[in-house]
Amino acid sequence: VQLQASGGGLVQAGASRRLSCLASGRAFNSYSVAWFRQGPEKEREFLAAVRYGTSRLYYSDSVKDRFIISRDNAKNTAYLHMNGLKPEDTAVYYCATDLLEPAYGSSELDSADYRSWGQGTQVTVTS
């Protein structure tokens with residue numbers, strides 16, 4: 001599965017932004033999808049995920065009250081709706097999919113367990 005993330009840009013604090021992740025290749029609805037971000041000189045951070053099939057949602061505590069993950073399987077696209085953006089949200093945002101099979105003890109929250117990544121889209125939040 002190939003992913004292409006888009007929607008980043010320069011935004012003011014308090015604004016909202018929607019990121020998109022377009023998938024191509026194999027059946028998108030068969031995969032869990034997640035969003036991560038990596039700020040300057042920081043580790044890659046899990047933000048949100050939606051599991052295939054059950055559509056169970058996962059959120060990090062740092063964004064659960066402001067960000068919403070969704071997917072539109074008909075459009076092969078996942079979204080990250082970001083509200084109330086803060087300067088500390090400045091980062092490169094990545095979408096990921098093709099999670100390792102459960103037999104490997106995979107977790108939707110672990111970046112190491114995803115095999116396909118988008119190229120990242122930069123979000124810069126100014127105060």
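Lys and Arg count here as positive and Asp and Glu as negative, while His and the chain ends are not counted. Each charge is placed at NZ of Lys, CZ of Arg, CG of Asp or CD of Glu.

**View 1. Where the charges of the chain sit on average.** In this predicted model, the chain has 14 positive and 13 negative charges, and their mean positions are 6 Å apart. A few ground rules: residues are numbered from 1 along each chain as its sequence is written, and side-chain values use heavy atoms, with hydrogens and water left out. Since the model is predicted, local features need pLDDT of at least 70 and side-chain atom pairs count only at pLDDT 80 or more, while totals for chains, interfaces and linings use all residues.

**View 2. A chain built with 11 strands and zero helices.** Strands (E, at least two residues) and helices (H or I, at least four) are DSSP runs, numbered from the N terminus. The radius of gyration, taken over C-alpha atoms, is compared with a globule rule of 2.2 Å times the number of residues to the power 0.38. What does that give for this chain? Its radius is 14 Å, close to the 14 Å from the rule for 127 residues, so the chain is as compact as a globular protein of that length. The C-alpha trace spans about 45 × 30 × 25 Å along its principal axes.

**View 3. The disulfide between Cys-21 and Cys-95.** A disulfide is a covalent bond between the sulfur atoms of two cysteines; in this model, a pair of cysteine sulfur atoms within 2.5 Å qualifies. The structure holds one, with 2.1 Å from S to S. It bridges distant parts of the chain: Cys-21 lies in strand S3 (residues 17-24) and Cys-95 in strand S9 (residues 91-99), 74 residues apart. The link is right-handed, with 75° about the S-S bond. Are these cysteines buried or exposed? Buried means under 20% relative accessible area, exposed over 50%, and partly exposed in between (1.4 Å probe, protein chains only). Cys-21 is buried at 0%, and Cys-95 is buried at 0% too.

View 4. With a relative accessibility of 4%, Ile-69 is buried. Which residues does Ile-69 contact, leaving aside neighbours within four places in sequence? Taking contact as heavy atoms within 4.5 Å, its partners include Val-33, Ala-34, Trp-35, Leu-57 and Tyr-79. Ala-34 is 35 residues from Ile-69 in sequence, with 8.2 Å between their C-alpha atoms.
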